[in-house]
Amino acid sequence: MRCWQISGREMESGKSYARRDKLLEIEAKVRTWWEESDIFKAESKITRPEPGEKFFGTFPYPYMNGILHLGHAFSLSKLEFASAYHRLRGANVLLPFAFHCTGMPIKASADKLAREIQRFGEPPVFPTVMEEEIVSTEVEETNGEEQTLPDKFKSKKSKAAAKSSGDKFQWEIMRSFGLSDSEISKFQDPYHWLTYFPPLAEEDLKAFGLGCDWRRTFITTDMNPFYDSFVRWQMRKLKDMGKIVKDLRYAVYSPLDGQPCADHDRASGEGVQPQDYTLIKMEVVLPFPPKLGPLEGKNVFLAAATLRPETMYGQTNSWVLPDGKYGAYEINETDVYIITERAALNLAYQKLSKIPEKPTCLITLTGHDLIGLPLKSPMSFNDIIYSLPMLTILTDKGTGIVTSVPSDSPDDYMALLDLKSKPALRAKFGVKDEWILPFEVIPIINIPEFGDKAAEKVCIDLKIKSQNEKDKLAEAKRLTYLKGFTEGTMLVGEYTGMKVQEAKPLIRTKLLELGHGVMYSEPEKKVMSRSGDECVVALTDQWYITYGETEWRKRAEECLSNMKLYCDETRHGFEHTLSWLNQWACSRSFGLGTRLPWDEQFLVESLSDSTVYMAYYTVAHLLQNGDLYGSDTSVIKPEQLTDEVWNYVFCDEPYPESSNISPSLLKNMKQEFDYWYPLDLRVSGKDLIQNHLTFCIYNHTALLQKRHWPRGFRTNGHIMLNSEKMSKSTGNFRTLRQSIEEFSADATRFSLADAGDGMDDANFVFETANAAILRLTKEISWMEEVLAAETSLRMGPSSTYADRVFTNEVNIAVSTTEQNYNEFMFREALKTGFYDLQTARDEYRFSCGVGGMNRDLLWRFMDVQTRLIAPICPHYAEYVWKDLLKKAGFVVNSGWPKTDLPDPTLKRANKYLQDSIVIMRKLLQKQTLGSKKGNKKGALAPPMNEEHKPTQGLIYVNDRYDGWKEECLRILQSKFDNKTCTFSPDQEILKALQNSTIGQAEDFKKTQKLCMPFMRFKKDEAVSVGVQALDLKLPFDEVEVLTENLDLIKRQLGLEHLEVLSVRVDGAASRAGTHSVLLTQNPPSPGNPTAIFLSW
């Protein structure tokens, strides 16, 4: 058991942590209660549950190469709050949790640690690099922000220091976990990670208050023989169904690891896919220049990667980067490609290198060496074209060689125009006139709106003057590229008249068949493996899962269409992923995991052994007997779990007569699965939509019956700390353990709930967590005081207006909080179920006055508030429930509060009352203290003498609109669409006003000046609150509401006497004497009474 201790930092700060420590004490006490009663133990029943009777939710098991942090806790909290809510309602809830150890990160880290020990000793003594800082005494500021100038605040570092500065030794990472040097050495064994981190994570999650059935926990990999059997069954079944095949395909690949690098194997570049190009072979024409002399006797090509092979008819030249670094790489015995080193490495892993996986560079070159090379390029109408300089080529894309098609590429057009029109530019790079001046734009494609020379037209339209106008050129490409592909028509070649999108694949195939081009692929963006190397694209002979296969995809789409996803953005993410996801490499040769049953040289990769394991949760406790590692084989042995057994349990296949497992255990396994499935909810970060979550849908639809397909996924953004990205390197980071120690579990949960609920990144704010500590402990103190003073409270049934309002506010809180929990709006649930309730309680306390608060109503408030906050702050709620309120059982499953329906009219009446009091108080203060505005001469109005301060008040009410206001409202009612909360056009409303009785009156122009502002105000109000804003009278009696609350109003305004009058009653106005003129200046209207204060 971990001991939660005050840190040295806290001791030094001098602050009191008594309130936080009080919560930590409560949490420890409550967890003991829960553990003694096995409160989160989930058992199935013989009969299948009715809708809403059970809730089964899961969270992607975290990877065990470190300690859980607040990022894990944030996503997990969404599931925890939802599960706790359903448990509170009385549902049978299963929330299990497991730990993922499959894949290469743990093995890579263990190997890295071993290499460090071998190189630097044990404990290692790492090299230190002395850095000399040259610091200027000047600091220039621009716009209030410091700027580092080229010669200021520089550090001179050795090349080794500069290169290694971004890396961190694995030993140092392990130290950051709080491990001693003697402990760290053990982590050279990858399996030690599996025995160290999962128990720590379990302990942290228990301290967090996770409502988990820990009997069902497990780890992955072959260290757990039961889970290993489950994954082997899954893979065999997919293969038997034809959904796993062996194929030669392009895959993002780590040369250092010697295997494909899937998303979870990457340090950066998650979601990046191979980008396929056609490599155009532009042959260098003899004789070679001296620099290329060593290549005599070879076929030498400038190899350009293009996404648009259909445009090769229009080539006028090729482009090279003058200062770019190139090499002549041997592809086979006869061919040499001039390309960048990066492209050569990709080709070497695509079987396009004389020595596989090792590029052979015959000579190194720069772009200057290539300018002016004569080339024969396939499909070009020009027999010979030349390589020319282009200054905007990126050597981290493609091959560094670019084909030039100025008819359709704005970049090519402007670069060609620059060279043609600027002799000085040609001279700078030694470009001869004959290499460029004779070459004109060749029309090859017609694009609607842009004609036969789209690039030329769009550059003229956008007034682009130079190849250096990157933003304008990007816009030019945006306007023409997609339109050219989807709507363009070929003007030349054997495919003349054909749509570009139809001709493109045919032209590409022809280039490949004639040997004028080869297929080439590279990562869409830079990808770094967890082993630290930059990935390439390799052509690998691999086992693949056939995601994207037509019929399977249809089933996945059907499943998705019936799922609750809580957010349109989430649904769009899944739809997009299903549109592009194709075969997925499911085997690896390096790391930890389960061996492919039919090809044991390979391991099942980490995103393929984690797609239907939610089903394993339903039987894990029966197989593993509560042992995390599956090492307890007293009940059943792993080898007894044949495919027939798994098929019986999960796939409704016949009972396995040949099995020697006891029939009762088999039937219990089957019952568990049939009871808990389908999965009601899976919660995850949105980054898993593009892989894990979509794989989950695919595998469920392949392996399980339709009634067992998942019902709902809920995704969220990442979490920031105090509005900044959470980062270990900057120190803006908290582990879950640290947050619990610093704030307590419930204050952490409170702040997680408050952090946000949408797909955007959320924000965990330390101030919110600290405020939660204060709020929760103060609420405990208040309840203790109320309970101790029970005899001083008003007994009997609720009887006052304040009682009715408070009761209604409690009813509203229960109703709206229920809606918020159902929709996963936990921040709103916190607001309506805690903040708003406390505000209502405080208002009630003030409104009751000398009569005091009602005892039964306060007891109900404490009961309801405790239940509503229980899913978010369960330790606090349980303590209040049992120790303060002395309730039986546990609050976590006490049932949702039963209430009457909220009364919206009473809610509106109370808002009217409170708003009126605020307005009257301001008016009285202004009258008493004098106006802050000066008179015409600038002098302030003097404050009123004490003896002349008002002590009496008259409140005038007009309960309905009449006259021209009534006519305006009737017109607006007829022009308002209640469904869309919108009005007809203003001209239509004005016309109706002109045709009304008001419009026909002689003084209409004068009245119109009053009507228009009034109608604008009422329109805005209706759009904001609904059609009720257009009612001719309020749904409650204003006089009655104000009269019933005269004592409250007098107390708040400090008046001795107060009277409520209706202006419709004869003689009412005369009661104000000479002040009755105020009723003309500021006449009352429905919802807006007029107050007059007197001092007689």
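Me: What should I know before reading it?
Reply: This is a predicted model, where local features need pLDDT of at least 70, side-chain atom pairs count only at pLDDT 80 or more, and totals for chains, interfaces and linings use all residues. Residues are numbered from 1 along each chain as its sequence is written, and side-chain values use heavy atoms, with hydrogens and water left out.

Me: How many helices and strands are in the protein chain?
Reply: The protein chain has 37 helices and 36 strands. These are DSSP runs numbered from the N terminus: helices are H or I with at least four residues, strands are E with at least two.

Me: And what share of the residues is buried?
Reply: Of 1096 residues, 53% count as buried. Buried is under 20% relative accessible area, exposed is over 50%, and partly exposed is in between (1.4 Å probe, protein chains only).

Me: Switching topic: at what angle do α26 and α27 pack?
Reply: About 175 degrees, with the axes of α26 (801–822) and α27 (826–848) 8 Å apart. Axes are lines fitted to C-alpha atoms, for helices over the stretch in contact, and angles run from 0 to 180 degrees between N-to-C directions.

Me: So which way do they run, parallel or antiparallel?
Reply: α26 is roughly antiparallel to α27. Under 35 degrees counts as roughly parallel, over 145 as roughly antiparallel, 65 to 115 as roughly perpendicular, and the rest as oblique.

Me: Which residues make the contact?
Reply: On α26 they include F806, V810 and Y821, and on α27 they include L837, Y844 and C848. Contact means heavy atoms within 4.5 Å.

Me: C848, is that one buried or exposed?
Reply: C848 is buried, at a relative accessible area of 13%. C361 is partly exposed, at 33% relative accessibility.

Me: How many disulfides are there?
Reply: The structure has 0 disulfides, counting a pair of cysteine sulfur atoms within 2.5 Å as one.

Me: Where are the cis peptide bonds you can tell me about?
Reply: One joins L286 and P287, with omega about -5 degrees, and P287 lies in the loop between β10 and β11. Another joins Y677 and P678, with omega about 10 degrees, and P678 is in the loop between α21 and β27.

Me: What about phi of S744?
Reply: Phi of S744 is near 95 degrees, a positive value in a residue other than glycine. S744 sits in the loop between α23 and α24, and S744 is buried at 0% relative accessible area.
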